[in-house]
Amino acid sequence: MAFSQQLINLFAALLLLIAFAMLSQRRILSLINLFALQGLMLSVSTAIVAWSSHQHHLYYSAALTLIVKVVALPWLLHRLIRKLDLKWDVETIINIPSTMLVGLALVVFAFNLALPISQLAGTITRSTLGIALASVLLSFLMMITRRQAVPQVIGFLAMENGLFFAATSATYGMPLVVELGIALDVLVGSFIFGIFFFHIRDTFDSLDIKNMENLKEN
Amino acid sequence: MNGILLQLFQDTLVVLVAPILLGWVNQCRAWLQNRSGAGVLQPYRVLIKLFHKDAVLANNASPLFRSTPYILFSSMWLAAALVPVIATDLPLSPAVDVIALVGIFAVARAFISLAAMDIGTSFGSLGARREMLVGFLAEPALLMVFFTASVISHSTSLVTIVETLAHKQFMLYPSLAFAAVAFVMVLLAENARVPVDNPSTHLELTMIHEAMILEYSARHLALIEWAGAIKLLAYITIGIALFVPWGIAEAGDWGALPLALVALFLKLMAAGAGLALLETLSAKLRIFRVPEFLGTAFLLAVLAMLVHYLLGV
């Protein structure tokens with residue numbers, strides 16, 4: 001096995017590890033740092049894929065990931081939680097050990113699901129498709145099990161990381177136009193989320209989305 | 001004949017080096033906390049002091065209580081002797097595999113817990129229960145770590161694992177990275193280090209290991225402390241054997257021994273400093289958070305196995 005492929009596998013495994021770390025994290029501040037770290041892993045692994053497969057457009061997407069997901073978005077989120085003045089514990093709907101066990105089952109499911117797909121793919125990174133799928137599902141699980149708005153948004157952004165990785169590992173990435181579009185969407189999306197956070201807090205005095213159920217008409 | 005000599009040399013080495021390693025960890029902790037520290041030989045001074053004292057036993061102490069320190073010491077010594085530390089061809093090594101090694105640790109744990117409950121003090125049984133809680137959660141994680149390494153090298157024998165990982169061409173194993181994190185967590189829990197237990201506390205609410213050995217004194221206590229140091233050394237050398245085995249002497253290669261000794265020395269120094277750093281950086285967990293901590297270790301070890309099957313390395 002070529003050394004670059006071993007490196008890609010290693011970074012894929014680290015991506016999965018960070019997805020689990022995010023799932024088990026209780027503090028919003030560490031959650032944001034983990035998200036930035038995941039972005040960094042993604043960017044480095046994309047650069048390695050670009051180098052080993054001579055796909056030059058992947059260099060641009062690696063740089064884009066670095067700028068948007070490692071610098072801009074964490075900075076925005078840090079600023080947001082400083083303004084909202086929330087740093088500490090995140091409430092979860094089911095306790096963290098059970099969440100981890102569910103996560104483990106999801107990983108097994110994702111690996112089995114990806115096996116036939118990755119046999120069809122012709123890229124050198126095809127074996128990491130299962131990991132990409134698993135990190136998408138784990139981020140989704142994080143969105144489901146968290147009660148507050150900010151961790152849910154981080155889960156959403158982490159899910160985008162997983163999708164990006166899946167695209168890179170299955171087909172050497174999407175066309176650059178699409179990637180630029182997604183990056184812009186994510187950036188604008190998080191601005192809008194930020195505005196929403198302030199509105200939610202102004203209306204309910206907390207960011208617990210449980211309160212939103214009161215909006216229903218009975 | 002050479003093999004037996006080498007075995008004897010390694011066995012003496014692990015027993016004599018273990019207190020120094022403990023002293024080194026404590027010294028690093030002291031430095032990190034801006035204290036001057038007592039020096040790496042302090043555990044030896046404590047042992048000598050304890051061996052010179054007269055032992056005190058409770059009136060209702062059974063023979064189990066008296067014999068446990070010796071059982072503990074010899075089982076830890078056996079465990080440390082079975083790990084390939086400086087060379088891979090030792091006459092004792094084929095006798096057991098990693099599963100038996102876990103069994104030896106379990107025997108020691110069962111005896112110290114029984115002895116702690118033997119006198120009937122509340123602290124003893126409290127410590128014993130907590131130790132069993134930690135142990136039964138840490139053991140499956142440790143076994144899964146061993147299984148991951150075994151799947152890679154197609155053998156549960158520690159010698160074969162080391163030979164496969166050290167002497168094959170260099171490869172990155174993502175699964176071993178997961179297993180290494182899980183192993184470090186198990187090491188912290190099993191050796192009563194900071195996130196799980198504080199080795200230097202006597203506060204009744206938090207202590208686990210210290211609560212079990214409160215009733216011991218003099219030579220018995222010295223043997224238990226020494227066994228604890230050997231256990232730490234055994235765990236660290238298992239970690240070295242599984243994850244950074246490079247530099248170990250091959251079978252029959254006597255010329256490589258000095259180099260292997262130097263490599264071992266450097267690795268132990270690095271591992272001790274790393275352990276001290278980890279302990280200084282982390283705060284002690286509440287006892288009810290310990291299952292979560294060890295559950296994470298187990299999860300990581302299972303993930304290691306899954307990643308191995310997915311990536312094929």
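Biologist: How many of the 218 residues of chain A count as buried?

Modeller: 41% of them do. This is a predicted model. A residue counts as buried if 20 or more other C-beta atoms lie within 10 Å of its own.

Biologist: What share of its contacts join residues at least 24 apart?

Modeller: 73%, among contacts in chain A between residues at least 6 apart in sequence.

Biologist: Why is the set around V186(B) called a nonpolar core?

Modeller: The term needs buried residues of the nonpolar kinds listed for it, such as Ala, Val and Leu, joined through C-beta atoms within 7 Å. The largest such core has 160 residues, and V186(B) is among those with the most contacts inside it. Helix α9 of chain B, residues 218-243, gives the largest share, 17 residues. Leaving aside neighbours within four places in sequence, V186(B) is in contact with A138(B), A141(B), L142(B), V145(B) and A297(B).

Biologist: How do you know that chain B touches chain A?

Modeller: Contact requires C-beta atoms within 7 Å. By that test, 18 residues of chain B are in contact with 18 residues of chain A. On the chain B side, α11(B) supplies the largest share, eleven residues.

Biologist: Which classes make up that side of chain B?

Modeller: 14 nonpolar, three polar and one charged residues.

Conventions
Residues are numbered from 1 along each chain as its sequence is written. Chains are lettered from A and ligands numbered from 1 in the order in which they are written. This is a predicted model: local features need pLDDT of at least 70, side-chain atom pairs count only at pLDDT 80 or more; totals for chains, interfaces and linings use all residues. A residue is buried if 20 or more other C-beta atoms lie within 10 Å of its own, exposed if 12 or fewer, and partly exposed in between; C-beta atoms are placed from the backbone. Two residues are in contact if their C-beta atoms, placed from the backbone, lie within 7 Å. Helices (H or I, at least four residues) and strands (E, at least two) are DSSP runs, numbered from the N terminus. Ala, Val, Leu, Ile, Met, Phe, Trp, Tyr, Cys and Pro count as nonpolar, Asp, Glu, Lys and Arg as charged, and the others, Gly among them, as polar.
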